[in-house]
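Subject: Structure handover

Hello,

Here is the structure for you to open. My notes on it follow below.

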Amino acid sequence: MPSTTYQPYKMEHHLAERTQHRSTEKYIRRIELNMSSNTVPGISSLQSSSMHDNKPMVLKVMKILLALVFAGWIFIWIIVPTSTYRYTWSPKLYADTNSTYFGRQGTNILIYAFPIMFIAVLGCLYLHLSKKNGHTGNSSSRFSSKMAAWKRPVLVRGPLGVVSGIELAFCLMFLALLVWCFWTFLSVSFSRLKIHGSEKVWQAKLDSVALRFGLIGNLCLAFLFFPVTRGSSLLPLIGLTSDSCIKYHIWLGHIVMTLFSAHGICYIIYWASTNQIDEMIKWSKTDVANVPGELALLSGLVLWAATFPRIRRKMFELFYYTHHLYIAFLFFFMLHVGISFFCMILPGVYLFMVDRYLRFLQSRSKVHLVSARLLPSEGIELNFSKNPGFSYNPLSTIFINVPSVSSLQWHPFTITSSSNLEPERLSVVIKKEGSWTQKLYRALSSHITVDGLDVSVEGPYSPISMNFMRYKSLVLISGGSGITPFISIIREFIHQSNTLNTPTPNLHLICAFKNSMDLSMLDLLLPVSGNVSDLSRLNLQIEVYVTREKEAPINDAQTMIRTICFKPNPSQMPISPVLGPNSWLCLAVIVSSSFIAFLLLIGILQRFYIYPIEKNTGKIYSLSSRTVLNFLFMCLSIVVASTIPFLINKRRNMKDAKQIKSLDLPTPMTSPSSWYHCSDREMESLPQESLVKATKVHYGRRPDLKKILLEIEDENVGVMTSGPTGMRHEVAAICSSGLASNLHYESISFSW
């Protein structure tokens, strides 16, 4: 097949001086401002590298305590199905903890909710101290090297996708827990089976099986919200992020709905066979309410149907909107089982509500969109203004909402910029795929958007560690828009080699595109203000495969990138750090204070309102009313405890933003037309040298990934892939085949 060959990036000329938009004096003033408010990007990495490797004793003690509390919580779930717990421990626990302030609900809060809430708060303190002492996820590199064999993919095809050895081990342990609980529940139940009236034995057993399906579903539901609580401390404690845990949420969701569906179907069969079908329309005030359970199941089934891959990919809007039925599902589930039983799964739901409300508060602010680059392939690069003191790691993700396109839809995108290389900018690349991105592209293509575009964001959310930094060689394999997460990695290495003058690994970037129009994606490896010489110190090789074209196009005019710059709006602010992962100490205060306030409110409700009614009337207070009141108090506690520190933090960010803007005011030496960086004009092309002209391009064929990977002779090679599912599975299979022991597969998640 014909190919066009150029020299790969092994440039030998020295680093050229980058274009500066501000004077040296203003730059120094900005650095001083950053040092007064936060750590200067890049300096923190130098400080952390100079720290000693041994963690302070207090951090080790905290980590051991966290592990013990979590182990105790898991032990509770293991022991709950046994007859020892049910007939010996449980009655004693309820008798000792039953009070006029909390009743039986207090026992479940103590056993099931308090351990996880304790871990969440103490985990925030642990992460705060770790960050303060310069200990990050990279400090565990020795442990990571020992776990390298467990991190190798063991399953690369099938419905589960790429699964590592450690993931498979934990999945099997969790399934063993489910099987143990279900089998033990049934064994204890069948040993004391009670037959009512004319009920047959099989009917009584069916009733017991139906109930146990619900109990096991409740166990899975207790874990369901942990992977999607983006700002919680639980995932970073074990080195995970919400993005990397989405697949666990998907797996748990399928299990939950399978068990709850079996729960509902079994009860329908039981009621029909025992002539009790009218039970379906009963709403008990003092026991389990059937109607809310059916509404919860119906909401869950509609939500579940839209989550399957074929529907989610082809009709994302349908998936997005129906997924909000989780609110109805949880509310009716609460009414179905009552607040006392709901406290068994309260921690995951409560932490998710705190996280969701903090994200809601952040999304109310409009951020400043500085410019947009429109690619020939109809892709988009959005460049936002960012607080220089706000840093994030490569492979971070951010959620974006454009009200003029859709006021409700939020879409995740991988950040392509480096907070160290570009302290004042945050960039994302968006591929024109669905209706939302098509509308956005049309809006940006029109001239009316030059005056500004309202955008809201959530995040960014950074990975807790950067394992790719520890390899001597790094192979980056992308398909189509899968190149986006690698842009941030390469920009980070540019910063390390040029600014910090530190050695970087050998980089081999392999890209597969459908047509030559997509080659312009390579120009995004450099920021708007960058130039080709920025790559001079990197040992970077780029090979590109254009699969649907036999030869290079004759006319290059169509490959020019258009850049649109926007006028700043006083109401728009730079992207600034918000509460949560950017302030673990404040998040600990929010979680602990809101939960304590919730306990105080329900204690007052029980002692001074519900208890007197039950005592004076001799009747049990409506479980549905009690549940609704508890839910309202929960929401009130979270709103108050989260809003106050958020507003304080927002005021501080606005003050910093004003100081930053004051540095950008025009000087007498400049004309009004240059007050904004090309803010009132549209640039038709970039003056910088195109990277495509220094890249090895193959036309009419796909990359032979097996040959490329097995020919690499370096001792310690990290392999990362991003793109179509088939490509990821192929690369994972090669790395796990045992043909090359030097290849280490690093799974990543990206959004575009």
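**Buried positions in the helices**

Asn 218 is buried, as its relative accessible area is 1%. Please keep in mind that this is a predicted model. Asn 218 sits in helix α9, which covers residues 201–224. What does Asn 218 touch, leaving out residues up to four places away in sequence? Its contacts are Trp 77, Phe 260, Phe 333, Phe 341, Met 344 and Ile 345.

Val 256 belongs to helix α11, residues 246–273. Val 256 has a relative accessible area of 2%, so it counts as buried. Not counting residues up to four places away in sequence, Val 256 touches Gly 217, Cys 220 and Leu 221. Take Leu 221 from that list. Val 256 and Leu 221 are 35 residues apart in sequence, yet 6.4 Å apart in space, C-alpha to C-alpha.

Ser 488 lies in helix α19, residues 484–498. Is Ser 488 buried or exposed? Ser 488 is buried, because its relative accessibility is 1% and the cut-off for buried is under 20%. Ser 488 touches Pro 394, Leu 395, Ile 415, Thr 416 and Ser 417, again leaving out residues up to four places away in sequence.

**The chain as a whole**

Some totals for orientation. The protein chain has 23 helices and 17 strands. It has 752 residues, and 51% of them count as buried. Now take the contacts in the protein chain with a separation of 6 or more: 81% of them are between residues 24 or more positions apart.

**Two helix pairs**

Two packed helices are described by the angle between their axes and the distance between the axes.

Start with helix α12 (residues 290–305) and helix α15 (residues 326–337). Their axes come within 8 Å and cross at roughly 155°. α12 and α15 are therefore roughly antiparallel to each other, since angles over 145 degrees count that way. The crossing of α12 with α15 is left-handed. Which residues make the contact? From α12 they are Asn 290, Pro 292, Gly 293, Leu 295, Ala 296, Ser 299, Gly 300 and Leu 303. From α15 they are Tyr 326, Ala 328, Phe 329, Phe 332, Phe 333, Leu 335 and His 336. By class, the contact of α12 with α15 has 10 nonpolar, five polar and no charged residues. Phe 333 of α15 is also one of the residues that Asn 218 touches.

Next, helix α4 (residues 83–97) and helix α5 (residues 103–132). They pack at an angle of about 115°, with axes 9 Å apart. That makes α4 roughly perpendicular to α5. The crossing of α4 and α5 is right-handed. On the α4 side, Tyr 85, Leu 93, Tyr 94 and Thr 97 take part. They meet Gly 103, Arg 104, Thr 107, Asn 108, Leu 110, Ile 111 and Tyr 112 of α5. The contact of α4 with α5 divides into six nonpolar, four polar and one charged residues.

**Strands**

Strands of a sheet pair through backbone hydrogen bonds, either parallel or antiparallel.

How many residues of strand β5 (residues 380–385) are buried? Six of its six residues are. Ile 380, Leu 382 and Phe 384 point one way from β5. Glu 381, Asn 383 and Ser 385 point the other way, and all are buried.

β5 pairs with strand β4 (residues 369–374) through five bridges, and the two run antiparallel. Ser 371 stands opposite Asn 383 in β5. β4 and β5 form a hairpin with five residues between them. In that turn, Glu 378 has a positive phi of about 70°.

β5 also pairs with strand β8 (residues 425–430), by six bridges, and these two run antiparallel. The bridge partner of Phe 384 in β8 is Leu 426.

There is also an open sheet of three strands, in the order β7-β6-β9, with antiparallel pairing. Its edge strands are β7 (411–414) and β9 (456–461), and each pairs on one side only. The twist averages 25° from one strand to the next. Strand β6 (residues 397–401) pairs with β9 over four bridges, in the antiparallel sense. Ile 400 stands opposite Val 457 in β9.

Best wishes

Terms used. Residues are numbered from 1 along each chain as its sequence is written. This is a predicted model: local features need pLDDT of at least 70, side-chain atom pairs count only at pLDDT 80 or more; totals for chains, interfaces and linings use all residues. Side-chain values use heavy atoms; hydrogens and water are left out. Axes are lines fitted to C-alpha atoms, for helices over the stretch in contact, and angles run from 0 to 180 degrees between N-to-C directions. Angles under 35 degrees count as roughly parallel, over 145 as roughly antiparallel, 65 to 115 as roughly perpendicular and the rest as oblique. A crossing is left-handed if the near helix is turned anticlockwise from the far one by less than a right angle, and right-handed if clockwise. Contact means heavy atoms within 4.5 Å. Ala, Val, Leu, Ile, Met, Phe, Trp, Tyr, Cys and Pro count as nonpolar, Asp, Glu, Lys and Arg as charged, and the others, Gly among them, as polar. Buried means under 20% relative accessible area, exposed over 50%, partly exposed in between (1.4 Å probe, protein chains only). Two strands pair if DSSP finds at least two bridges between them.
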